Amino acid sequence: MKTSIIIPSRYGSGRFPGKPLALIKGKPLIQFTLERVKKCKEVDFIAVATDDERIYDAVKKMGFNVFMTPKTCKSGTDRIAFTALKFLKDYGIFINVQCDEPLIEPNLIDKLALLLKKDKSLEYITAASPIIKEEFTKNPNAIKVVFDKNGYALYFSRFAIPYNRENIKVKYYKHIGIYGYKRKSLLEFSKNKMSPLEKSESLEQLRILENGKKIKIVITKHNSIGVDTPEDASELEKYL
């Protein structure tokens, strides 16, 4: 089954306008992500999907594939579904890597791709890492996830979940900005309307759960640094 990585990218982020093209050490943020995913071994094709000509032109100059998508796409996954229908009709597996994951681990992407290829029962897959610093549990930009004993997501939230009412030892997990889908499941997602929980939390993956589908969670020790705000970009620059 042919596999592609699509990086959905838009210019008009409410928290960080122009984020994909924000310069980190003189290089656009999205270029870091593209250069990371280029190291993947289980992927046949890499591209950016955007509705903005500035991003389109910048990615073209970098020498990467890029597709224009409608501004009406409600989420990154909807943007990828449009790309799959119009441009990539012979691809069976799609990996969605958020453009603000400049340190995403290529081995993790390969692992998700391989699991989707080998397990026919899997429709949707994503990743999470243990939260080590307590302040992340209170950060609404750090998405938290809880999952069942079989490793399937129960819920994603911007709040700290589970709520530790009894003050016991609790492990918290941070969702990493990567999703994998089988083609049929991707297109099915896009046919469903935005769900109430999705709108409330502004988390597209909740549309999958609200429609009764399962998302497999792969646990990784790799704690990717996501960039949600200009302050995050400054921290990334210091880290690099």
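## Packing of helices α3 and α5

Helix axes are taken here as lines fitted to C-alpha atoms over the stretch in contact, with angles from 0 to 180 degrees between N-to-C directions. In this predicted model, the axes of helix α3 (residues 76-86) and helix α5 (residues 183-191) come within 9 Å and cross at roughly 120°. That angle makes α3 oblique to α5, because angles of 65 to 115 degrees count as roughly perpendicular and those over 145 as roughly antiparallel. The crossing of α3 past α5 is left-handed.

On the α3 side, the contact is formed by T77, D78, I80, A81, A84 and L85; on the α5 side, R183, L186, L187, F189 and S190 meet them. Sorted by class, the contact of α3 with α5 comprises seven nonpolar, two polar and two charged residues.

Strand β4 (residues 45-50) and strand β5 (residues 65-68) run parallel and are joined by four bridges. Within this pairing, A47 has N65 of β5 as its bridge partner.

## The loop between β9 and β10

Two backbone features belong to the segment that links these strands. P162 lies in the loop between β9 (153-157) and β10 (173-182), and the peptide bond leading from I161 to P162 is cis, with omega near 0°.

N167 is also placed in the loop between β9 and β10. The phi angle of N167 is near 55°, a positive value in a residue other than glycine.

Terms used: Residues numbered from 1 in each chain as written. Predicted model: local features only at pLDDT ≥ 70, side-chain atom pairs only at ≥ 80, totals over all residues. Heavy atoms only, no water. Parallel < 35°, antiparallel > 145°, perpendicular 65-115°, else oblique. Left-handed = near helix turned anticlockwise from the far one by under 90°. Contact = heavy atoms within 4.5 Å. Nonpolar A, V, L, I, M, F, W, Y, C, P; charged D, E, K, R; others polar. Pairing = 2+ DSSP bridges.
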